[in-house]
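Colleague: I have not looked at this one before. Can you walk me through it?
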Amino acid sequence: MTAATLDALKAQLSFTDDMGGVDDALLELKLEAARNHVERLLGFRIAETFGGDGQDPVPPSIEEAILQLAAWWYETREAASPGAREVPFGVREIVAEYREWSF
């Protein structure tokens, strides 16, 4: 499964090669937290539905939602930052397209 990688997150954040492994551990933490949050919004684990043997690949829009959220959380680390909001614009809209609804 390739639902948003560290390299993809670095590209999303416009990191350059000269930055090396600066903040890799923090970026990995933000990426995993974003993946977890998106899965909770979706109502299913991504790996159980996409990216495995006999499954469709992970939709690029789901990867985009994870990357947007991880980048947002990396750049806006404090909940009380000016302009901070719960989830970046677009993430919920992307997730809604794939959401499993149950009542």
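Colleague: Where does S14 lie?

Modeller: S14 sits in the loop between α1 and α2. Keep in mind that this is a predicted model.

Colleague: Is S14 buried or exposed?

Modeller: S14 counts as exposed, because its relative accessibility is 58% and the cut-off for exposed is over 50%. The phi of S14 is positive, about 60°, although S14 is not a glycine.

Colleague: What is the phi of D23?

Modeller: D23 is not a glycine either, and its phi is positive at about 65°. D23 is also placed in the loop between α1 and α2. With a relative accessible area of 29%, D23 is partly exposed.

Colleague: Stepping back, how many helices and strands are in the chain?

Modeller: There are five helices and zero strands. Read from the N terminus, the order is α-α-α-α-α.

Colleague: And what percentage of the residues is buried?

Modeller: Of the 103 residues in the chain, 39% are buried. As for contacts with a separation of 6 or more, 63% of them are between residues 24 or more positions apart.

Colleague: On to α2. Why does its end-to-end distance agree with its number of residues?

Modeller: α2 has 19 residues, and at 1.5 Å a residue it should span 27 Å. The C-alpha atoms at its ends are 26 Å apart, so the two values agree.

Colleague: What comes just after α2?

Modeller: G43, which has a positive phi of about 90°.

Colleague: Which residues of α2 are buried?

Modeller: L27, K30, L31, A34, R35, H37, V38, E39, L41 and L42. The buried residues of α2 pack against α1, α3, α4 and α5.

Colleague: R35 is on that list. What is its relative accessible area?

Modeller: It is 13%, so R35 counts as buried, the cut-off being under 20%. R35 is part of helix α2. The C-alpha atom of R35 is 8.2 Å from that of A4, and the two residues are 31 residues apart along the chain.

Colleague: At what angle do α2 and α4 pack?

Modeller: The angle is about 130°, and the axes are 8 Å apart. That angle makes α2 oblique to α4. Their crossing is right-handed.

Colleague: Which residues meet there?

Modeller: From α2, the residues include L26, L27, A33 and V38. They meet a set in α4 that includes I62, A65, I66 and W73.

Colleague: Now the largest nonpolar core. How many residues does it have, and which touch the most other members?

Modeller: The core has 27 residues, and L9, V38, I46, I62 and I66 touch the most other members. At least two residues of this core come from each of α1, α2, α4 and α5.

Colleague: Which helix supplies the largest share?

Modeller: α4 does, with eight residues.

Colleague: Back to I62. What is I62 in contact with, leaving aside neighbours within four places in sequence?

Modeller: I62 is in contact with V38, L42, I46, F50, I94 and Y98. Two names on that list, V38 and I46, are also among the core residues that touch the most other members.

Methods: Residues numbered from 1 in each chain as written. Predicted model: local features only at pLDDT ≥ 70, side-chain atom pairs only at ≥ 80, totals over all residues. Heavy atoms only, no water. Core = buried A, V, L, I, M, F, W, Y, C linked by side-chain atoms within 4.5 Å. Buried < 20%, exposed > 50% of the residue type's maximum accessible area, 1.4 Å probe, protein only. Helix = DSSP H or I, 4+ residues; strand = E, 2+ residues; numbered from the N terminus. Contact = heavy atoms within 4.5 Å. Expected span 1.5 Å × (residues − 1). Axes fitted to C-alpha atoms, helices over the stretch in contact; angles between N-to-C directions. Parallel < 35°, antiparallel > 145°, perpendicular 65-115°, else oblique. Left-handed = near helix turned anticlockwise from the far one by under 90°.
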